[in-house]
Amino acid sequence: PPFYLNKELAVCYVLAILNRGDSYGTELIQLLETEYPTYRLSDTVLYSALKFLEEENIISGYWKKVEGRGRPRRMYQIQEDAVQRAKELSQLWN
């Protein structure tokens with residue numbers, strides 16, 4: 001059976017992915033299932049982790065219109081002044 005990430009693990013996972021570049025919610029879930037087939041991440045836990053990271057000023061979100069898609073996507077990126085903290089937390093995932 002798959003292992004569902006809790007919020008704490010999801011925070012570390014999200015930061016590990018965002019260290020590679022900006023991403024959005026659905027992509028974060030898809031990458032997890034592709035790169036770690038035994039793990040799963042629910043929408044609820046993911047968006048709770050993203051909200052926590054935004055409140056802690058580690059990440060910020062912005063809207064981006066994606067070619068061929070109807071509505072814009074909410075993209076997330078690591079804030080410049082939080083890069084070191086994000087790298088430390090993402091090491092817990094790795």
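Biologist: Which residues in helix 1 meet helix 4, and which ones in helix 4 do they meet?

Modeller: From helix 1 they are C12, L15 and A16, and they meet A86, L89 and S90 in helix 4. Contact here means heavy atoms within 4.5 Å. By class, that contact has five nonpolar, one polar and no charged residues. Ala, Val, Leu, Ile, Met, Phe, Trp, Tyr, Cys and Pro count as nonpolar, Asp, Glu, Lys and Arg as charged, and the others, Gly among them, as polar.

Biologist: Before we go on, what sort of model is this, and how are residues numbered?

Modeller: It is a predicted model, where local features need pLDDT of at least 70 and side-chain atom pairs count only at pLDDT 80 or more, while totals for chains, interfaces and linings use all residues. Numbering starts from 1 along each chain as its sequence is written, and side-chain values use heavy atoms, with hydrogens and water left out.

Biologist: And what counts as a helix or a strand?

Modeller: Both are DSSP runs numbered from the N terminus: helices are H or I with at least four residues, strands are E with at least two.

Biologist: Back to that pair: at what angle do helix 1 and helix 4 cross?

Modeller: The axes of helix 1 (residues 7–18) and helix 4 (residues 83–91) cross at roughly 120° and come within 8 Å. That makes helix 1 oblique to helix 4. Angles under 35 degrees count as roughly parallel, over 145 as roughly antiparallel, 65 to 115 as roughly perpendicular and the rest as oblique. The axes are lines fitted to C-alpha atoms, for helices over the stretch in contact, and angles run from 0 to 180 degrees between N-to-C directions.

Biologist: How does helix 3 sit against helix 1?

Modeller: Helix 1 and helix 3 pack at about 70°, with their axes 9 Å apart. So helix 1 is roughly perpendicular to helix 3. K7, A10, V11, V14 and L15 of helix 1 make the contact with V45, L46, S48, A49, L50, F52 and L53 of helix 3. The residues of this contact divide into ten nonpolar, one polar and one charged.

Biologist: What about helix 2 against helix 1?

Modeller: There the angle is about 95° and the axes are 11 Å apart, so helix 1 and helix 2 are roughly perpendicular to each other. Y13, V14 and I17 in helix 1 meet L28, L31, L32 and E35 in helix 2.

Biologist: Changing topic, where does N19 lie?

Modeller: N19 is in the loop between helix 1 and strand 2. At 32% relative accessibility, N19 counts as partly exposed. Not counting residues up to four places away in sequence, N19 touches I78, A86, K87 and S90. N19 and A86 are 67 residues apart in sequence and 7.6 Å apart in space, C-alpha to C-alpha.

Biologist: Last one: what is the phi of N57?

Modeller: N57 has a positive phi of about 60°, although it is not a glycine. N57 is in the loop between helix 3 and strand 4.

Conventions
Buried < 20%, exposed > 50% of the residue type's maximum accessible area, 1.4 Å probe, protein only.
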